[in-house]
Amino acid sequence: MKKIECFIQPYNLDTVAEALAVEGVLGMSVAEVKGFGVQKGFTRGEDVKSHEYRFHPKMKVEMVVLEKDVERIVSAIVASLKSNQIGEGKIFVTPVDDAVRTRTGERGRDAIK
């Protein structure tokens, strides 16, 4: 199993969620977060002091999927974000050792379907 986390612009949430639904993602979590990337939240050409940062609103979308589905799901997310602008998003994929459905005690792939 793998955990896919993506940080996207808030206005892209519906587009990404729709792409994930088309790919058969059965569940996801979404949270409003704030952050910045390499440019520390500034746009090109702005005068920036080294100690300044601007936190911008982002959406964090995360899901746990089977390893065989990762590439297809990541490709769907990337395809749904078409602006090619700085700050559009980042995707992280990490291993998940186990999952447990607390109601039934099911583990592993049975807990995520």
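User: In this predicted model, is Gly87 buried, partly exposed or exposed?
Analyst: Buried requires a relative accessible area under 20%, and exposed requires one over 50%. The relative accessible area of Gly87 is 33%, so this residue counts as partly exposed.

User: Where in the chain does Gly87 lie?
Analyst: Helix α2 spans 70-80 and strand β4 spans 89-95. Gly87 is placed in the loop between α2 and β4.

User: Which residues does Gly87 contact, leaving aside its neighbours within four places in sequence?
Analyst: A contact requires heavy atoms within 4.5 Å. With those sequence neighbours set aside, the contacts of Gly87 are Gln9 and Lys58.

User: How far apart in space are Gly87 and Gln9, C-alpha to C-alpha?
Analyst: In sequence, 78 residues separate Gly87 and Gln9. Their C-alpha to C-alpha distance in space is 7.6 Å.

User: Why are the buried residues of α2 on the same side of the helix?
Analyst: The buried residues of α2 are Val70, Ile73, Val74, Ala76, Ile77 and Ser80. An α-helix has 3.6 residues a turn, so residues three or four places apart point the same way.

User: Which elements are included in what covers the buried residues of α2?
Analyst: Along the sequence, the chain has the pattern β-α-β-β-α-β-α. The cover over the buried residues of α2 includes β1 (2-8), α1 (13-22), β3 (56-65) and β4.

Definitions and conventions
Residues are numbered from 1 along each chain as its sequence is written. This is a predicted model: local features need pLDDT of at least 70, side-chain atom pairs count only at pLDDT 80 or more; totals for chains, interfaces and linings use all residues. Side-chain values use heavy atoms; hydrogens and water are left out. Helices (H or I, at least four residues) and strands (E, at least two) are DSSP runs, numbered from the N terminus. Buried means under 20% relative accessible area, exposed over 50%, partly exposed in between (1.4 Å probe, protein chains only).
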